[in-house]
Amino acid sequence: MKVSVATYGSHSALQILRGAKDEGLKAVLLCPRSRHRLYERFRLADELILVEGVEDLLREDVQSNLNSMGSILVPHGTIISDVDIKKFVKDFKVPIFGNRELLIWESDRELKEMLLKKAGIEVPRAFSSPDEVDCPVIVKLPGAEGGRGYFIASGREDLIKKLTETGVRMNRGLYIQEYVVGVTVYPHFFYSPLKGEVELLGVDRRYETNVDSLGRIPASDQLNLGVQPTYEVVGNIPLVLRESMLEKFFDIAERFVEATKRLVPPGMIGPFCIEAICRTPDDIVVFEFSARIVAGTNLFINGSPYSYLLYGEGMSMGRRIAKEIRLAYETSELEKVVT
Amino acid sequence: MKVSVATYGSHSALQILRGAKDEGLKAVLLCPRSRHRLYERFRLADELILVEGVEDLLREDVQSNLNSMGSILVPHGTIISDVDIKKFVKDFKVPIFGNRELLIWESDRELKEMLLKKAGIEVPRAFSSPDEVDCPVIVKLPGAEGGRGYFIASGREDLIKKLTETGVRMNRGLYIQEYVVGVTVYPHFFYSPLKGEVELLGVDRRYETNVDSLGRIPASDQLNLGVQPTYEVVGNIPLVLRESMLEKFFDIAERFVEATKRLVPPGMIGPFCIEAICRTPDDIVVFEFSARIVAGTNLFINGSPYSYLLYGEGMSMGRRIAKEIRLAYETSELEKVVT
Amino acid sequence: MKVSVATYGSHSALQILRGAKDEGLKAVLLCPRSRHRLYERFRLADELILVEGVEDLLREDVQSNLNSMGSILVPHGTIISDVDIKKFVKDFKVPIFGNRELLIWESDRELKEMLLKKAGIEVPRAFSSPDEVDCPVIVKLPGAEGGRGYFIASGREDLIKKLTETGVRMNRGLYIQEYVVGVTVYPHFFYSPLKGEVELLGVDRRYETNVDSLGRIPASDQLNLGVQPTYEVVGNIPLVLRESMLEKFFDIAERFVEATKRLVPPGMIGPFCIEAICRTPDDIVVFEFSARIVAGTNLFINGSPYSYLLYGEGMSMGRRIAKEIRLAYETSELEKVVT
């Protein structure tokens, strides 16, 4: 078959490669030299192209190599976070599974928030000045990696006190956001342009350091230790959602797809994730989205409760992507799923 | 085959429908009009009867429709919580998988506690007056939805102080219960009247808002924010139990089954859940039971570690129910599994 | 086939038995009389030898019975914790899957720490006197079962104050260890002497009482209740790791295998677990290892995301062990996998 699935060695590459093979497609890995051994262990790449880093995807020889194999790149979080995404979207001359323009929106906090709002989805409030604050907030410092230096304030006065103490200046980079108290859920959706349908394939919550270790430290010790929370993803934990909440999440997912069609045509294609906090089962706030495969899907490489309902055993998100590519190829509709 | 599996569209309906189909039985969905689209997405219902709400199950035309299809209703949590259960048990003239009388016991706090005690199972202590309190307690307000307004007190004095502060009157509705410190576990059992055996098919813990978000808020911020815990189920997280604890849980499960046979003949039939807190691996307190399928089984629609031991791949609780119905039908013993 | 898989009825025996059967090997259970009913429920033992307790494995008739069936014992945590391991390793005259000498190292805190250090793996610092302490520490009392009596101190002064208050004397048994703030992860590895390769088959985190219940108690109530944490394993929760962290964990796993070859020849054989805390995704501290199957693998009796990548469906650690035994038997290399 003159079509293959390519991805970069990180994030959810193992799943994407395996999914391609399970659907009978050739699996191509753009493998960073430093991780050659890791990916060799799993023996999943039919073709392996060694690169120095993700920026090498823009090298002309790499691109022509990919094009000669009829490769379609499946983008993931590392591509969003580790390249100049605007440049990548413009200069990468290999078909991408999904809407490449959306990757830019995902990587820009303002565009992201606007897209969610235009979709009519509730997002946490943002405050442009400490004086406006009238609820608990989380303060995000510009360039703070892994949430280092983020802090919580219980209200306006507490915020002003903490800003004064830490000597942080209010400037354009400082982001003051409503702190929503509730549990996080990350449902994994797939929008099929071939079927015109949204599918739910899994749900997880993130496992973050050190914030998910705080609960194991008694309150009195926490006060002694003066631990500051950080929010770096180490892994994921599987979940299922209360069945009566599914309708609401599908509604959010469809509003999101609809908004992308209007604002970023041709709109959403393939996997996305609605990153939400539930104040109550009926009161859901969306603080982020991902417009591509998320790492939480790695929990379900061997299938999920939801994918079993739709497809029986072994349908991961990576395989669902490969399936859509295969079906589009077989019906000569590849242009519907790549950009 | 002149037998079909019916359920109401909520809670664990997707699993129940899929289980029926996996066992070769017709799957009938009583679908609330507002969730028609949700259930259509999964294409699992062979027959779909639109209703306005769960109370429509008592409509005569709905019942005769079900009876004409040889339907057996699989009850779940929504039926317990959203209908007048006594009326339902009396007036619903369609066979129910399980012991319909037990649904009444499950929905009544006093009967429930009595059943557990008569089974010789340790339950948290309950106090009829604040003056009796000699340990940490959790206070549950009458009609408090989702645990809103529940609060913890460290002992008698703290309780009296908090009751005075909040102006809550001690009355018949106020429920003062020992607060057991320990982790929660929810093992999912199935009692087969055909085999005369209890099976363990999975274990989960609940994921509740907002109480499962508290651990991620540093203690100092919790004190500032003054967050009050609520206990509304948003989802479930899979577990396995320490193997040396299984014997104890089977013992509890069998005592429970035994007690139901004595007190609520013909006793337990099918799925149930023992909702427990482990102070230590050997010191287990049971604070609730469910005498029907629980939503935590949705984690294992594609099979669980335990169901794999017994049945190999893909045996969910929903499928186990359908399997029991099919076997009972084939051996003309349906009267053993329905009431 | 003149080879069978034997194990003792506890810990991960169900998985080990099932794995043997899935690989076509005879499954032999050394079953404590008190758990006869438990293991009968699962019908997994082809041969069942009733014993009073784990120390009966040293009985001559038991050993000759095992040897007559060509049994290879798969050791697990109960054998480490419940017998005099030095005596067992010396006197048990039945082949053991794995390196029996390593079981001694695992059960000795000093040898264990030395092995990790010699492998060049970062471990939490240990302090021989309170005066040396310059960071948060956790203090472990000698013989404290299940972490009862463990406590945290924020530094030297806090430690001295707490030691004085509790009247605990500093002696050889008291173990003062750096308290590393971060999330715990338990990756399950398998080292195949036949392939000369390390495989990753799953990841979990433990679910411990009561420490994993603390996060659900509001900070203000924790302060009132004065809850002391305990660390007794009740179960396990599945995880996947961030893909970019896998390289680092494989590196640690291979250093570990390498060090065992040097220090405890013939070195690691079969399953092991690296028990780690992640301060950040890049900063990983290893506080323990297990040189045999861990109970967290029970999560993946029906397969894991990682085992699916390597083997497709249904490859548990128990089955992986049986597979290695079968392959070694078929190629007459059993001596490579047993000691």
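How many residues does the contact between chain A and chain C take from chain A, and how many from chain C? The contact, defined by heavy atoms within 4.5 Å, takes 47 residues from chain A and 50 residues from chain C. The structure is a predicted model, in which local features need pLDDT of at least 70 and side-chain atom pairs count only at pLDDT 80 or more, while totals for chains, interfaces and linings use all residues. Residues are numbered from 1 along each chain as its sequence is written, chains are lettered from A and ligands numbered from 1 in the order in which they are written, and side-chain values use heavy atoms, with hydrogens and water left out.

The size of an interface is often given as the accessible area lost when the parts come together. About 4,200 Å² is buried between chain A and chain C, with carbon and sulfur atoms giving 58%; buried area is the accessible area (1.4 Å probe) that two parts lose on being put together, summed over both. On the chain A side, the residues that lose the most area to chain C are Arg41(A), Tyr207(A) and Arg216(A), which together account for 18% of what that side buries.

Six salt bridges are counted between chain A and chain C, a salt bridge being a side-chain nitrogen of Lys or Arg within 4 Å of a carboxyl oxygen of Asp or Glu. One of them joins Glu197(C) to Arg43(A), with the closest N and O atoms 2.5 Å apart. At least two residues of the side of chain A that touches chain C come from each of α1 (13–22), α2 (36–42), β10 (197–210), α9 (219–225) and β11 (231–241) of chain A; helices (H or I, at least four residues) and strands (E, at least two) are DSSP runs, numbered from the N terminus. The largest share, seven residues, is supplied by β11(A).

Strand β11(A) also pairs with β11 (residues 231–241) of chain C in the antiparallel sense over two bridges, where pairing requires that DSSP find at least two bridges between two strands. Within this pairing, Leu241(C) in β11(C) is the bridge partner of Gly235(A).

The interface of chain C and chain B takes 47 residues from chain C and 50 residues from chain B. Chain C and chain B bury about 4,200 Å² between them, 58% of it on carbon and sulfur atoms. In chain C, the most area is lost to chain B by Arg41(C), Tyr207(C) and Arg216(C), together 18% of what that side buries. The salt bridges between chain C and chain B number six, including that of Glu197(B) with Arg43(C), whose closest N and O atoms are 2.6 Å apart. Antiparallel pairing over two bridges links β11 (residues 231–241) of chain B to β11(C), and Val240(B) stands opposite Asn236(C).

Within chain A, an open sheet of four antiparallel strands has the order β5-β8-β6-β7. Its edge strands, each pairing on one side only, are β5 (126–127) and β7 (151–153). Strands β6 (residues 137–140) and β8 (residues 175–178) of chain A are joined in the antiparallel sense over four bridges, with Gln177(A) as the bridge partner of Ile138(A).

Most residues other than glycine have a negative phi, and most peptide bonds are trans. His11(A), in the loop between β1 (4–8) and α1 of chain A, has a positive phi near 65°. In chain B, the peptide bond from Pro265(B) to Pro266(B) is cis, with omega near 5°.
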